[in-house]
Amino acid sequence: MKLAMILVLGSLALGSTARADRPGPDWMPMQQVIAKILEAGYSEVTKLEADDGRWEGEGIKNGQKMDFHADPKTGVIVSEKPDK
């Protein structure tokens, strides 16, 4: 499980920095945001990037692909919807 998390974090960090905004200096780190998302019922986070002043991501919740937005400072999900 830890190896899978490391691989996901590495691929998210490498894959998202080239095309996304940069996190602000007072933002919660990506690893902590992923932990918060997993605590909120997601079984997997497949994408996470800084965009438009918030964390935006995709993941799996209750077996369904979801899009979500998380508060940049707390990592709390502020909106989520099924991915189409």
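This is a predicted model: local features need pLDDT of at least 70, side-chain atom pairs count only at pLDDT 80 or more; totals for chains, interfaces and linings use all residues.
Reader: Where do I begin? Which elements does the protein have, and in what order do they run?

Author: Start with the list of elements, then follow the chain. This protein has 2 helices and 4 strands. From the N terminus on, they run α-α-β-β-β-β.

Reader: How do I read the sheet, and what is its strand order?

Author: Here is the general idea: strands of a sheet pair through backbone hydrogen bonds, either parallel or antiparallel. In this model the 4 strands form an open sheet in the order 1-2-3-4, with antiparallel pairing. Strand 1 and strand 4 (77-82) are at the edges with a single partner strand each, so one side of each has no neighbour in the sheet. From one strand to the next, the twist averages 20 degrees.

Reader: How many bridges hold strand 1 and strand 2 in a pair?

Author: Strand 1 and strand 2 (residues 54-61) pair over 8 bridges, in the antiparallel sense. To see one of them, find glutamate 44, whose bridge partner in strand 2 is isoleucine 60. Then look at the turn: the hairpin of these strands has 2 residues between them, and aspartate 52 takes a positive phi near 55 degrees there.

Reader: And how many bridges join strand 2 to strand 3?

Author: There are 7 bridges between strand 2 and strand 3, and the two run antiparallel. Here you can look for glutamate 58, which stands opposite aspartate 67 in strand 3.

Reader: Where does helix 2 lie relative to the strands?

Author: Helix 2 lies across strand 1, strand 2, strand 3 and strand 4. Its direction is at about 140 degrees to that of strand 1.

Reader: Next, the core. Which residues of the largest nonpolar core touch the most other members?

Author: That core has 14 residues, and those touching the most other members are Val33, Ile37, Val45, Leu48, Trp55 and Phe68. Helix 2 (30-39), strand 1 (42-51) and strand 3 (64-70) each supply at least two residues of the core.

Reader: Could we take one of them? What is valine 33 in contact with, beyond its neighbours within four places in sequence?

Author: Valine 33 is in contact with Met28, Leu48, Trp55, Ala70 and Gly75.

Reader: Finally, the whole protein: what share of the residues is buried?

Author: Buried residues make up 32% of the 84 residues. The protein exposes about 5,400 Å², of which carbon and sulfur atoms supply 55%. As for contacts between residues at least 6 apart in sequence, 36% join residues at least 24 apart.

How values were computed: Residues are numbered from 1 along each chain as its sequence is written. Side-chain values use heavy atoms; hydrogens and water are left out. A nonpolar core is a set of buried Ala, Val, Leu, Ile, Met, Phe, Trp, Tyr and Cys residues joined through side-chain atoms within 4.5 Å. Buried means under 20% relative accessible area, exposed over 50%, partly exposed in between (1.4 Å probe, protein chains only). Contact means heavy atoms within 4.5 Å. Two strands pair if DSSP finds at least two bridges between them. Accessible areas come from the Shrake-Rupley method with a 1.4 Å probe; for residues, only the protein chains shown count as cover. Axes are lines fitted to C-alpha atoms, for helices over the stretch in contact, and angles run from 0 to 180 degrees between N-to-C directions.
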